[in-house]
Each structure stands twice: as C-alpha cells, then as structure tokens.
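Let us take a friendly walk through this structure together. Please have the sequence and the 3D view at hand as you read.

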Amino acid sequence: MNLAVVLLTTALVIVVALLAAVGAGILARLDGATYPAALSRAAIAFVGVLTLAAAAAAAYAALLT
C-alpha cells in the first residue's frame with residue numbers, strides 16, 4: 001500500500017477520534033460532570049474510536065489475505 005495513503009488514513013482516524021473525544025467531553029460538562037470526569041470520558045471516547053478503527057483495519061486486512 002502506498003505510504004501516503006497510510007499516513008492520510010492515520011491522520012483522518014486521529015482527527016475523527018479527537019472530534020469524538022471533544023464531543024464527549026463537552027457533553028459530559030454540559031451534563032454537570034467535573035473537569036476530571038469529563039476528561040476521563042473524553043479519553044475513553046478517544047481510545048474507543050482508535051480501538052474500533054484498529055479492529056476494522058484488522059478485519060479488512062484478514063479479508064485481503
């Protein structure tokens with residue numbers, strides 16, 4: 001696979017994960033959570049998106065072989 005495609009896809013996944021984390025943190029603060037709790041929820045959302053992307057990539061790679 002082309003290196004540029006891999007880097008672009010990685011950057012896109014990180015941007016989507018950051019957007020999900022920011023959204024989760026904002027929604028947690030609007031719900032009345034403290035700053036540490038909101039940061040924790042944002043981190044969980046960030047890691048969740050990265051885990052989902054890694055699982056999808058592994059499944060796609062298994063289909064190609």
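Val16 counts as partly exposed because its relative accessibility is 42%; on this scale, buried means under 20% relative accessible area, exposed means over 50%, and partly exposed lies in between, with a 1.4 Å probe and protein chains only. You will find Val16 in helix H1, where helices are DSSP runs of H or I with at least four residues, strands are runs of E with at least two, and both are numbered from the N terminus. Before going on, note that this is a predicted model, in which local features need pLDDT of at least 70 and side-chain atom pairs count only at pLDDT 80 or more, while totals for chains, interfaces and linings use all residues. Residues are numbered from 1 along each chain as its sequence is written, and side-chain values use heavy atoms, with hydrogens and water left out.

Now look across from Val16 to Val49. These two residues are 33 places apart along the chain, and their C-alpha atoms are separated by 7.8 Å. Val49 belongs to helix H2 and, at 22% relative accessibility, counts as partly exposed. Setting aside residues up to four places away in sequence, Val49 touches Val16, Ala17 and Ala20, where contact means heavy atoms within 4.5 Å. Thr34 is 15 residues from Val49 along the chain, yet 23 Å separates their C-alpha atoms.

Let us step back to the two helices. Two packed helices are described by the angle between their axes and the distance between the axes. Here H1 covers residues 3-30 and H2 covers residues 35-64; they pack at an angle of about 150°, with axes 8 Å apart. The axes are lines fitted to C-alpha atoms, for helices over the stretch in contact, and angles run from 0 to 180 degrees between N-to-C directions.

Next, follow the chain to the loop between H1 and H2, which is the place of Ala33. Ala33 is buried, with a relative accessible area of 9%. Apart from neighbours within four places in sequence, Ala33 is in contact with Ala28, Ala38 and Arg41. Compare Leu27, which lies in helix H1 and counts as exposed at 58% relative accessibility. From Leu27 to Ala38 is 11 residues in sequence and 8.2 Å in space, C-alpha to C-alpha.

Finally, what does the whole chain look like? It has 2 helices and 0 strands. Its radius of gyration is 15 Å, well over the 11 Å that the globule rule gives for 65 residues, so the chain is more spread out than a compact globule. That radius is taken over C-alpha atoms, and the rule is 2.2 Å times the number of residues to the power 0.38. Along its principal axes, the C-alpha trace spans about 50 × 20 × 15 Å. Of the 65 residues, 11% count as buried.
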